Amino acid sequence: MVDSAIAIDALRHDVLPAVAYALGGLVVLYLLFAYFYAWKQWSAHFGGKRVSRRVASSPSNAQPPHIVSFEESKAQVVAAAENLDQSDAIVKSLEGRTARKTVKGAATLAARKKAARVQTMTAEGVEKLQTELTNRGTRKTITSAEGVNVGSLSAEAAGGLDMDHVYLTFPQILWGYTFVGLNAHFLMVRNTFLLRIRVWLNKLGLVKPKPVDYDAFAARMCLETSMACYYKSKVGDVAGFFFPDLPYVDGDGIKKVCELLTVHVNVKTKKMTKATFDDEEITGRQVAAILFYYNLSANHVKIHSMANWGLNSEESAKGVNSFLYQNSIVTASVMYNHFGFTGFKDYIPGWIKGGFLSDRWTKDAWVQTVTQGVEDNIFAHPNVEELVPYSRLVNFVVKTRPIFLSDFAKYRTQFPGVHGEAMYIGTVLHSLDHTCQDWACEDPLWLDVEDERFGLMAEMGRVVKVGFIKDLPGLLFHKRFKGSKHPFYAGFYDKAARVDRKYADVMDTCIVK
């Protein structure tokens, strides 16, 4: 009894005060973090610098921008090929091609119209819309219900994509940094440290990269990532992927533009057969490094940009759909979309000091690459359906996209101000693009940093592969379609899983990697 009393007394006088002091110290550190980092970030980039999407000057107040038509992109490819004297069979077949029209395409177009956004961002606006639709007894789509779907959002198309413009309040930014940013930073630091060790052990000959067939790796980048949308035409079993005005960073750390990168892939063997970089033939090893960098920089940001039309971070949205509100804050803040565009470049000096990047790398080269990607817009890719028999990713996307849009139309009043297709791009396509690029490149050491011309892009590819593509650890909120309690997300997951469960299981409800 005496020993127990002594132990309790020691707990009361020694242990509990120590715990209290430790917790108090953590609170102080968090408050310092909130002020010296989160508040300064908000003041520099949000407070007084941006406006709500309800304001006409916000880029996403307008409808999503018109994408580059198939005819325009085809003409650009053909002109570049002629200029470079590339007159192979696939280019010649492309000259007479038109946008492919299919039953599936027609169904998707009809679903897109039904999934038009509710032109209000507020709970009050949604309530008014629902009341008026009920009073009219209309079964028309939102766009055809004249005089009803009128709110603070514009019906005009935006002039172009814009990745980083959504306004967030300071509490929203602080929440994002606390519950997403710290997890993301931990993933990056831990995995780049492990990469550094692995590179060192590889140089010592103690570890080796996984075996790789670079022609197969290059083909996977074309068939099983968002690079598939650059498919234009096929002759026999050989598919042509064309990348006009492709931005890249050369061996001197200077951002340049390749007039035309052409990649031929045998869809039966799933291997690259030929590739030309302007008028020079290049290897599968080089194509893999180029496409990996292009996707993570200039191409992937198109998805991030379009996602801004698929969110609603207004406080009033919380009363309509709290899950949408949470997803919108995650997408718009921290790494996504603010950090990914504005803040990412600030890591480059540290990676140079840490030996991950060559000292020839500059912030300007990265920013110029990403900026061109956003400004170049999205190219129409109707013929990508021809890859359905050969690409598991394309098969999944082509079949689930109209399902998503049709389901969204049924729940659209629970998603005020949200454009259905932009939401599909910012959720399903975004998460699949991360995961599929990770699957395509099984080992970061496959990216050849020794290549004199394309090695710098491979360096950045290794860092992003390990530090930014994978799922974040330790998240305290739900972020998958699978297991969601909201009927729209749960219902769509069930249907998508019947198409391909492997892909359905990795669909995120927000941009959170």
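**View 1. Packing of helices α14 and α15 in a predicted model.** Helix α14 covers residues 392-411, and helix α15 covers residues 420-440. Two packed helices are described by the angle between their axes and the distance between the axes. For α14 and α15 the angle is about 150°, and the axes lie 10 Å apart. An angle over 145 degrees counts as roughly antiparallel, and α14 and α15 are therefore roughly antiparallel to each other. The crossing of α14 past α15 is right-handed.

**View 2. Residues where α14 meets α15.** On the α14 side, the contact is made by L393, F396, V397, T400, R401, F404, L405 and F408. On the α15 side, the residues are G420, E421, M423, Y424, T427, V428, L429, L432 and C436. F408, one of the α14 residues in this contact, is buried because its relative accessibility is 0%.

**View 3. The aromatic pair F408 and F488.** A pair of aromatic rings is described by the distance of the centres and the angle of the planes. The structure holds 38 aromatic pairs, and one of them is formed by F408 and F488.

**View 4. The aromatic pair F481 and F492.** The ring centres of F481 and F492 are 5.6 Å apart and the planes are at 65°, so this pair is edge-to-face. F481 lies in the loop between α16 (455-467) and α17, whereas F492 lies in helix α17. The pair therefore ties together parts that are 11 residues apart in sequence. F481 is buried, with a relative accessible area of 0%. F492 is buried, also with a relative accessible area of 0%.

**View 5. A cluster of linked rings.** Ring pairs join F323, F404, F408, Y411, F415, Y424, F481, F488, Y489 and F492 into a cluster.

**View 6. Arginines over aromatic rings.** R50 lies over the face of F46, at 4.1 Å from the ring centre. R196 lies over the face of F356, and here the distance from the ring centre is 6.0 Å.

Key:
Residues are numbered from 1 along each chain as its sequence is written. This is a predicted model: local features need pLDDT of at least 70, side-chain atom pairs count only at pLDDT 80 or more; totals for chains, interfaces and linings use all residues. Side-chain values use heavy atoms; hydrogens and water are left out. Rings of Phe, Tyr and Trp (its six-membered ring) pair if their centres lie within 6.5 Å; planes under 30 degrees apart count as stacked, over 60 as edge-to-face and the rest as tilted. Helices (H or I, at least four residues) and strands (E, at least two) are DSSP runs, numbered from the N terminus. Buried means under 20% relative accessible area, exposed over 50%, partly exposed in between (1.4 Å probe, protein chains only). A charge sits over a ring if NZ of Lys or CZ of Arg is within 6 Å of the ring centre and within 35 degrees of the ring normal. Axes are lines fitted to C-alpha atoms, for helices over the stretch in contact, and angles run from 0 to 180 degrees between N-to-C directions. Angles under 35 degrees count as roughly parallel, over 145 as roughly antiparallel, 65 to 115 as roughly perpendicular and the rest as oblique. A crossing is left-handed if the near helix is turned anticlockwise from the far one by less than a right angle, and right-handed if clockwise. Contact means heavy atoms within 4.5 Å.
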